[in-house]
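Thanks, everyone. I would like to walk through one model this morning, going from its overall dimensions down to a few individual residues.

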Amino acid sequence: MPQIVLHKSQTKIDVPAGANLMQSLLSAGVPVASSCDGDGVCAKCRLEIIAGEKNLSPRNETEIFLAETNELRADERISCQTQVLGDIEVDAGYW
Ligand code: FES
């Protein structure tokens, strides 16, 4: 079962393979910024991927568009558009 590690607190969250990254964090009580409720519009749910980028689903069309229009860095992902396929470590500036 994939594990999400929160970088600063080193909190570990087990999730089923293929789970949505944003929903997994919210379900675990971890806040994720959003003003579109995961509809792939606001880009506020972006997270920094510290480790395990290869264990995430590839960027879908929505995320590619958001990445271009919001100048996302290569190590940032739109969490509402991302599935967790293996172990990752993530960070948000507000955690
Ligand atoms: S929550 Fe708005 S784009 Fe992800």
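Let me begin with a definition: the radius of gyration is taken here over C-alpha atoms, and the globule rule it is held against is 2.2 Å times the number of residues to the power 0.38. What we are looking at is a predicted model, in which local features need pLDDT of at least 70 and side-chain atom pairs count only at pLDDT 80 or more, while totals for chains, interfaces and linings use all residues. Residues are numbered from 1 along each chain as its sequence is written.

For 95 residues, the rule puts a compact globule near 12 Å, and because the protein has a radius of gyration of 12 Å, the two agree. Taken along the principal axes, the box filled by the C-alpha atoms is roughly 30 × 25 × 20 Å.

As for secondary structure, helices (H or I, at least four residues) and strands (E, at least two) are DSSP runs, numbered from the N terminus. On that basis there are 2 helices and 7 strands, and their order from the N terminus is β-β-β-α-β-α-β-β-β.

Two residues are in contact if their C-beta atoms, placed from the backbone, lie within 7 Å. Among contacts between residues at least 6 apart in sequence, 68% join residues at least 24 apart.

Now to burial: a residue is buried if 20 or more other C-beta atoms lie within 10 Å of its own, exposed if 12 or fewer, and partly exposed in between, with C-beta atoms again placed from the backbone. By this count, 26% of the 95 residues are buried.

A nonpolar core, in turn, is a set of buried Ala, Val, Leu, Ile, Met, Phe, Trp, Tyr and Cys residues joined through C-beta atoms within 7 Å. The largest one has 17 residues, and those with the most contacts inside it include Ile4, Met22, Cys45 and Val90. Helix H1, strand E4 and strand E7 (88-91) each supply at least two residues of this core, with H1 giving the most, namely 3 residues.

Which residues does isoleucine 4 touch, leaving aside its neighbours within four places in sequence? They are Ile13, Val15, Ser24, Val84, Ile88 and Val90.

Finally, two backbone details. Glutamine 10, in the loop between strand E1 (3-6) and strand E2 (12-14), has a positive phi near 60° although it is not glycine, and it counts as exposed because it has 8 C-beta neighbours inside 10 Å. Aspartate 37, likewise not a glycine, has a positive phi of about 60°; it sits in the loop between helix H1 (21-27) and strand E4 (46-51), and is exposed, with 11 other C-beta atoms within 10 Å.
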